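We will go from stop to stop, and at each one you select something and look around.

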Amino acid sequence: MRAVRVITVLELPREMSHPKCQPERYRPVVQFIKDWNAAPAQRQEMLCGGRAPTGGRAADLALVAAVVHGLCARDGFAIPEWVASHRLADPITMSGRPVDSAWGRWVASQAPAVCSQHGVYYEADTLGLR
């Protein structure tokens with residue numbers, strides 16, 4: 001059986017900056033989550049041996065770190081070292097909106113605990129994409 005093509009952490013910054021993803025830069029991250037959930041045998045490949053994604057905006061890299069952190073913690077994978085180095089001073093939601101609105105505060109209240117370590121918040125259900 002041939003392996004399914006999955007998006008990797010190293011591809012995410014480039015994909016997030018592609019014109020087709022504007023203004024919803026988070027769409028490739030959603031695909032990464034879908035691939036992670038659908039192809040457990042390819043998770044190590046998706047993490048690229050622990051190599052850090054580069055070349056993206058700080059907010060994009062922090063979002064990737066928050067999602068990778070959440071998925072690895074949920075599924076018992078070792079959290080890549082690079083994940084800890086991505087944190088935003090001004091917290092945002094996954095969609096890039098500030099957390100200082102009523103909706104942003106609600107998202108932050110529903111987020112996995114790992115989100116606070118990165119300053120990027122998403123609902124816990126996002127990792128399961130129910």
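**Ground rules**

This is a predicted model, so local features need pLDDT of at least 70, side-chain atom pairs count only at pLDDT 80 or more, and totals for chains, interfaces and linings use all residues. Residues are numbered from 1 along each chain as its sequence is written, and side-chain values use heavy atoms, with hydrogens and water left out.

**Stop 1: the core**

Select V29, F32, V67, V68 and Y122. Of the 37 residues in the largest nonpolar core, these touch the most other members. A nonpolar core is a set of buried Ala, Val, Leu, Ile, Met, Phe, Trp, Tyr and Cys residues joined through side-chain atoms within 4.5 Å. Buried means under 20% relative accessible area, exposed means over 50%, and partly exposed lies in between (1.4 Å probe, protein chains only).

Now colour the elements that give two or more residues to this core: α1 (12-17), α2 (27-38), α4 (58-75) and β2 (120-121). Which element gives the most? It is α4, with nine residues. Helices (H or I, at least four residues) and strands (E, at least two) are DSSP runs, numbered from the N terminus.

**Stop 2**

Zoom in on F32 in helix α2. Is F32 buried or exposed? F32 is buried, because its relative accessible area is 1%. Show what surrounds F32: I7, T8, V9, L12, M46, V67, V68 and L71 are in contact with it, leaving aside neighbours within four places in sequence. Contact means heavy atoms within 4.5 Å. F32 and V9 are 23 residues apart in sequence, and their C-alpha atoms are 7.9 Å apart in space.

Move to V29. Not counting residues up to four places away in sequence, V29 touches L12, M16, L63, V64, V67 and M94.

**Stop 3: the pocket**

Select Y26, M94, Y122, E123 and T126. Of the 14 residues that line the largest pocket, these lie nearest its centre. The pocket has a volume of about 200 Å³.

How is a pocket found? On a 1 Å grid over the protein atoms alone, a cavity is a set of points where a 1.4 Å probe fits but cannot get out, and a pocket is an open set with protein on both sides within 12 Å along at least five of seven lines; lining residues have an atom within 4 Å of a point. Grid points are joined across faces, edges and corners, and a volume is the space filled by probe spheres set on the points.

Colour the lining by type. It divides into eight nonpolar, three polar and three charged residues. Here Ala, Val, Leu, Ile, Met, Phe, Trp, Tyr, Cys and Pro count as nonpolar, Asp, Glu, Lys and Arg as charged, and the others, Gly among them, as polar.

**Stop 4**

Select D60 in helix α4. D60 is buried, with a relative accessible area of 4%. Its side chain and that of R25 are joined by a polar contact of 2.6 Å. A polar contact is a pair of N or O atoms within 3.5 Å; within protein, one must be able to donate a hydrogen and the other to accept it, and residues adjacent in sequence count only if both atoms are side-chain atoms.

Next, select R43 in helix α3 (residues 43-46). R43 counts as buried because its relative accessible area is 11%. Which side chain does the side chain of R43 join in a polar contact of 3.4 Å? The partner is D75.

**Stop 5: C48**

Go to the loop between α3 and α4 and pick C48. C48 has a positive phi of about 55° although it is not a glycine. C48 is buried, at 11% relative accessible area.

**Stop 6: R87 and A58**

Select R87 in the loop between α4 and β1 (92-93). R87 counts as exposed because its relative accessibility is 53%. Its side chain reaches the backbone oxygen of S116 at 3.5 Å. Beyond four places in sequence, R87 touches S116, Q117, H118 and G119.

Finish with A58 in helix α4.
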